[in-house]
Amino acid sequence: MQHFSAFTRIRLPSLIIKRSLSTRPIEVTQRSFANASNRTRTLAKSHGRIVVLGSGWAGFKLMRDLNKEHYDVTVISPRNYFVFTPLLASTAVGTLEFRCITEPVRGYSKDVDYHQALCNSVDLENQLIHCTSNLDDNKGEKFTVDYDKLVIAVGEYSNTFNTPGVKEYGIFLKDIKDAQRIRARVLECFEFAAQPGVTDEEKANKLHFAVVGGGPTGVEFSAELYDFITEDLSRLYPQLMEYTRMTVYDVSPSILGSFDQKLSNYATQKFERNGIQIKPGSHVLEVKKDVISIKEEGEVPYGMLVWSTGLMPNPIVESMMTAAKDPRTRRILTDKKLRVLDSKTMEPLKNIYALGDCATIKDYNLPATAQVASQKAIYLGNELNAALKSNSHVDKGFSFENRGSMAYIGSWQAVVDMRPVHEKATEGGHMAWMFWRSAYLSMSVSARNKMLIPMYWCLTWVFGRDISRF
Ligand SMILES: Cc1cc2nc3c(=O)[nH]c(=O)nc-3n(C[C@H](O)[C@H](O)[C@H](O)COP(=O)(O)OP(=O)(O)OC[C@H]3O[C@@H](n4cnc5c(N)ncnc54)[C@H](O)[C@@H]3O)c2cc1C
């Protein structure tokens with residue numbers, strides 16, 4: 001028996017070898033590493049180290065579910081928190097505060113080791129991953145972590161479709177930092193327009209809020225922004241309301257295209273009644289500072305542009321040549337047990353799994369949603385934990401249970417499409433909104449956030465949204 005009461009870090013050339021954090025006596029198992037003779041490491045737990053890349057829906061859920069008594073669990077992610085994305089748009093306008101939708105990775109278990117870094121490459125042969133720190137104090141510093149099992153859950157990036165200027169002048173809505181930028185930008189636009197000497201034309205240009213992408217994220221953000229403008233900013237800047245407008249651009253013929261047609265129409269009519277312009281069939285050619293160039297309209301001035309047109313592969317996924325990729329989406333291909341497939345043989349690679357937005361199951365394409373990511377994480381957690389107990393466990397492979405989809409459409413209304421559960425279960429309006437809110441409240445993770453979210457909903461209702469600009 002041996003005590004490991006401290007986190008020990010030994011530096012070797014180009015290699016940092018880690019020992020797991022644990023406060024109780026643990027049996028140490030001797031293991032051989034056939035392909036990694038240059039590594040020495042003391043395993044704290046008999047079933048080895050599982051490294052999880054990413055702290056999103058897939059990685060965070062898996063990290064929580066894994067049996068930490070038997071596995072050393074290490075999470076590597078450039079952000080040390082999980083974001084409850086369905087309510088991210090609410091934080092972008094101050095309906096909720098940012099802290100209501102984040103969960104710290106380290107907050108869940110002292111048995112989870114965490115490193116704030118990006119994984120740059122994976123050495124499958126030696127079971128090593130190469131990382132780069134993204135901490136301010138040692139940004140760019142490289143280190144290496146070894147694994148017994150690797151889980152890739154790095155998500156995807158926002159897709160700009162190579163449209164020039166989007167990265168420079170548009171704002172994505174993927175992370176808390178984006179939501180913070182949006183909130184600051186909306187208030188900047190209003191303060192600019194309120195300054196003396198600003199012409200009417202400048203006011204109208206600055207107060208044009210453009211959303212590119214009419215999927216659930218673009219629609220929910222537009223709805224939240226509409227509420228913010230009509231419920232709070234209209235009270236504070238009444239003289240600017242005549243200059244304020246919102247437009248949703250999309251290449252496809254309608255918004256919420258993945259929803260039941262009736263609900264998509266319902267949302268469209270609701271937006272139109274509220275004065276939010278929807279411009280289907282619009283092709284954005286370029287985004288410049290203060291101007292969007294649209295094929296069908298020419299140059300359109302804007303004050304803030306939020307870009308939400310879908311996803312593209314994470315660079316780490318692109319760089320993994322050994323892993324098979326889906327030809328259309330370029331996501332990592334796995335089998336139904338979520339094992340990554342070899343690009344040459346299409347056989348599962350050893351000890352490496354992929355889930356969440358960055359992966360898709362061969363011949364079983366599922367949407368890139370939190371629902372799929374978390375169900376896959378639950379499945380993989382169960383399988384890895386079950387493997388500890390018995391050899392007779394039969395793994396039937398992952399199967400998705402579709403529980404439908406929902407979207408907020410503004411003014412306390414939502415659309416809920418539950419056709420996968422019951423063929424007639426579609427609803428739009430206030431009842432759907434109540435369902436939307438209660439569903440997301442019940443799905444939020446910690447008890448702290450389950451208390452904070454309704455508290456902030458009430459505070460916003462009584463006092464309005466915070467308009468301080470930090
Ligand atoms: C605004 C918004 C609203 C949404 N609403 C819904 C909804 O209502 N319902 C729904 O089902 N889905 C929703 N989604 C989609 C859902 O959030 C995603 O499908 C889900 O986040 C995918 O989970 P993931 O773990 O694969 O990726 P992510 O949650 O994106 O997490 C990826 C993680 O990997 C980390 N990472 C990235 N690169 C690296 C690297 N190189 N090394 C290590 N770590 C890395 C990231 O920092 C992050 O922690 C929404 C998405 C957004 C943006």
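Contact here means heavy atoms within 4.5 Å. The model shown in every view is predicted.

**View 1**
Is R183 buried or exposed? R183 is buried, because its relative accessibility is 5% and the cut-off for buried is under 20%. Beyond its neighbours within four places in sequence, R183 is in contact with T91, A92, V93, G94, L96, E97, F98 and D466. One of these partners, E97, also makes a polar contact with R183. That contact joins the two side chains at 3.3 Å.

**View 2. The two domains side by side.**
Each domain is built from two stretches of the chain. Domain 1 takes in 9–158 and 312–389. Domain 2 takes in 166–309 and 404–463. How far apart are the centres of domain 1 and domain 2? Taken over C-alpha atoms, the centres are separated by 32 Å. Contacts link 30 residues of domain 1 with 30 residues of domain 2.

**View 3. The area buried between domain 1 and domain 2.**
Interface size is often expressed as the accessible area lost when the parts come together. Domain 1 and domain 2 bury about 2,800 Å² between them. Carbon and sulfur atoms account for 62% of that area.

**View 4. Polar links and salt bridges, and the domain 1 side of the interface.**
How many salt bridges cross the interface of domain 1 and domain 2? The rule finds 2. It also finds 15 residue pairs in polar contact across this interface, with both residues at pLDDT 80 or more. On the side of domain 1 that touches domain 2, five elements each supply at least two residues: α1 (57–65), β5 (81–83), α2 (88–92), β6 (102–104) and β11 (156–158). Which element gives the most to this side? That is α2, with 5 residues. By class, the side of domain 1 that touches domain 2 has 16 nonpolar, 8 polar and 6 charged residues.

**View 5. The salt bridge of D175 and R79.**
The side chains of D175 and R79 meet here. The N to O distance is 3.6 Å. The pair counts as a salt bridge because the limit is 4 Å, and 3.6 Å falls within it.

**View 6. P86 in the loop between β5 and α2.**
P86 is found in the loop that joins β5 and α2. P86 is buried, because its relative accessible area is 14% and buried means under 20%. Which residues does P86 touch, not counting those up to four places away in sequence? P86 touches W57, E220 and Y440. Q127 lies 41 residues from P86 along the chain. The C-alpha atoms of P86 and Q127 are separated by 35 Å.

**View 7. S411 and W412 in the loop between β24 and β25.**
The loop runs between β24 (405–410) and β25 (413–417). S411 is not a glycine, although its phi is positive, at about 50°. W412 also has a positive phi in a residue other than glycine, near 65°. Relative accessibility is 24% for S411, so S411 counts as partly exposed. W412 is partly exposed as well, with a relative accessible area of 33%.

Conventions: Residues numbered from 1 in each chain as written. Predicted model: local features only at pLDDT ≥ 70, side-chain atom pairs only at ≥ 80, totals over all residues. Heavy atoms only, no water. Buried < 20%, exposed > 50% of the residue type's maximum accessible area, 1.4 Å probe, protein only. Polar contact = N/O pair within 3.5 Å; in protein donor to acceptor, adjacent residues only side chain to side chain. Domains from an automatic or database assignment. Buried area = accessible area lost by both parts, 1.4 Å probe. Helix = DSSP H or I, 4+ residues; strand = E, 2+ residues; numbered from the N terminus. Nonpolar A, V, L, I, M, F, W, Y, C, P; charged D, E, K, R; others polar.
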